[in-house]
Structures are given as structure tokens and as C-alpha cells.
Amino acid sequence: MRLDKFLCETTDLTRSLAKKALHRGEVSVDGEMTKNPAVQVGEGSAVDWLGERLTPFGLRYLMMNKPPGVECTTRAGRYQTVLELIDLPKVERLHPVGRLDVDTTGLILLTDDGQWSHRVTSPRTRCPKVYLATLAEPLEGGELDRAIDSFAKGLLLDGEHKPTQPAGLEALSSERFRITVTDGKYHQVRRMFAAIGNRIDTLHRESIGPLVLDPDLEPGECRMLRDEEIAAF
Ligand code: URA
């Protein structure tokens, strides 16, 4: 590829800033300073900018502990976005894998690999997603038994034609529940509790398939996925 394109792909420079950097003599290819933006560079080329070796990013995969009040979107809007919390070059190339509501916290994956993201979110993958919910109203006794049964059989949510896939409901107390769903409808978990006459106060995602939120990540922090985590999908 052209040297100016390579500079844009591997740094925060725009095309015109890359040309200016070249013009100032800040760039060398295989040890030779060059000012020519059209020079062709390839995988074997050693490109340095201001004395630092530049390497192509390749595809990137991250997990974040999403804090409340942050939106899973790539576009600026009313709320801060997950991308605005990430301190990496070319962050705009990443997208969140699926969505969490603005008030939902916990595990969100981000990548620039569209195929990988499709594998994670595709309904065909039937990937279990595990959530912790605090309810507005206690749920116990016979009502809890009926809720477990309804979740397991599938619930017909408002505005849907098909019931939800069988879901797990585990009581941790009369207000705290662990929920496992394999589909990913809009506001699914909140709507499932609405369908049984309750309401969610807080919702937190613990895991997506084999990927569990890293306990070392504070809200708002993210880390790159390890090779085996990427290969899990
Ligand atoms: N279900 C919801 O209702 N909200 C989320 O953020 C995720 C799952």
C-alpha cells in the first residue's frame, strides 16, 4: 500500500497530517528517510515515524466493564459512548458486539472484526448470556416457581410473534436473580420480567458464552482479549 495510507492505518494521523509528517522528513522506510507519500510499503517494510517503528493493528478484540449511563453505539448522542472510554488509536474502527441498555452494566465486547461479531451475536449460535438482576418487587414462593417455569418454557413478549428461547432463572435472594438467555431481543431481560409483572432495578452482564467479565476490570476499563478467548467464537 502507499506510504501515506500506511501512516493513516497505523497512527492517529489523517491523510493530510501524514503528508505533512512526510514533508517534514519524520518518516523513514527501511532506514532511509523519504518524503514521497506514494512509496509502496508491504508486510516486510520497516516504517519508522519520529524514530518509532509502526506496526499495522490487525484485528482488535476487547472486553469492557461497561459502567451505567454509557451507550453501546458508535455515534455521538445524548450519552457518553463506550468508544469514548477507550484510549486506543483509531478507536472509531471498533464497534460494540451487540448492545447493553444505557443503564445496564458489565461485559461488553468490542472489535473491528465484523465476522467474529456476527458469530457472537447470531441467533443461530444460541450463545448463552448471563445477567444478574435486582428486582423492584420480591419474587418468591409459588410466584417464583411459576416464573422459573415461564422462563424455561419461553415467554411471549409484547410486540413479538415468537416466544423467547428457554431461559434460566436462579434465585440468589428474593430480589437478586441470575438469568441465562440465549436469544438477544431488544430489552429482552427487562421485558421478560415485565411479562411476569415485575421490574428490574439493576442489570449487570456477567458472561457471554465462555467469556466471563474479568474481575480486575473496574467500571469503564477494558482489556484486549487473549488468543484463546478470541478463538472461543
Ligand atoms: N436485556 C435487557 O433488557 N437489557 C440489556 O441491556 C441486556 C439484556
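Trainee: How do the residues of the lining of the largest pocket divide into nonpolar, polar and charged?

Mentor: This is a predicted model. The lining of its largest pocket holds 11 nonpolar, 7 polar and 8 charged residues.

Trainee: What is the volume of the largest pocket, and which residues are closest to its centre?

Mentor: The space in the largest pocket is about 540 Å³. Its lining has 26 residues, and Arg99, Leu100, Tyr131, Gly184 and Lys185 are the closest to the centre. Helix 3 (114-121), strand 10 (129-135), helix 5 (188-195) and strand 13 (200-208) each give two or more residues to that lining.

Trainee: What about the second largest pocket: which residues are closest to its centre?

Mentor: Met1, Phe6, Thr10, Thr55 and Pro56, out of 17 lining residues. The volume of this second largest pocket is about 230 Å³. Its lining divides into 7 nonpolar, 5 polar and 5 charged residues. Helix 1 (residues 3-10) gives the most to it, with 3 residues.

Trainee: Why is arginine 60 called buried?

Mentor: Its relative accessibility is 6%. Buried means under 20%. Arginine 60 therefore counts as buried.

Trainee: Where does arginine 60 lie?

Mentor: In the loop between strand 4 (52-53) and strand 5 (61-66). Beyond its neighbours within four places in sequence, arginine 60 is in contact with several residues, including Leu88, Val91, Leu110, Asp112 and Met224.

Trainee: Which residues of helix 2 are buried?

Mentor: In helix 2 (residues 15-23), they are Ala18, Ala21 and Leu22.

Trainee: How do you know that they are on the same side of helix 2?

Mentor: They cover an arc of only 100° around the axis, so they sit on the same side of helix 2. An α-helix has 3.6 residues a turn, so residues three or four places apart point the same way.

Trainee: What do the buried residues of helix 2 pack against?

Mentor: Helix 1, strand 1 (27-29) and strand 3 (47-49). Just after helix 2, glycine 25 has a positive phi of about 75°.

Definitions and conventions. Residues numbered from 1 in each chain as written. Predicted model: local features only at pLDDT ≥ 70, side-chain atom pairs only at ≥ 80, totals over all residues. Heavy atoms only, no water. 1 Å grid on protein atoms, 1.4 Å probe; cavity = no way out; pocket = protein on both sides within 12 Å on 5 of 7 lines; lining within 4 Å. Points joined across faces, edges and corners; volume = space filled by probe spheres on them. Helix = DSSP H or I, 4+ residues; strand = E, 2+ residues; numbered from the N terminus. Nonpolar A, V, L, I, M, F, W, Y, C, P; charged D, E, K, R; others polar. Buried < 20%, exposed > 50% of the residue type's maximum accessible area, 1.4 Å probe, protein only. Arc of directions from axis to C-beta. Contact = heavy atoms within 4.5 Å.
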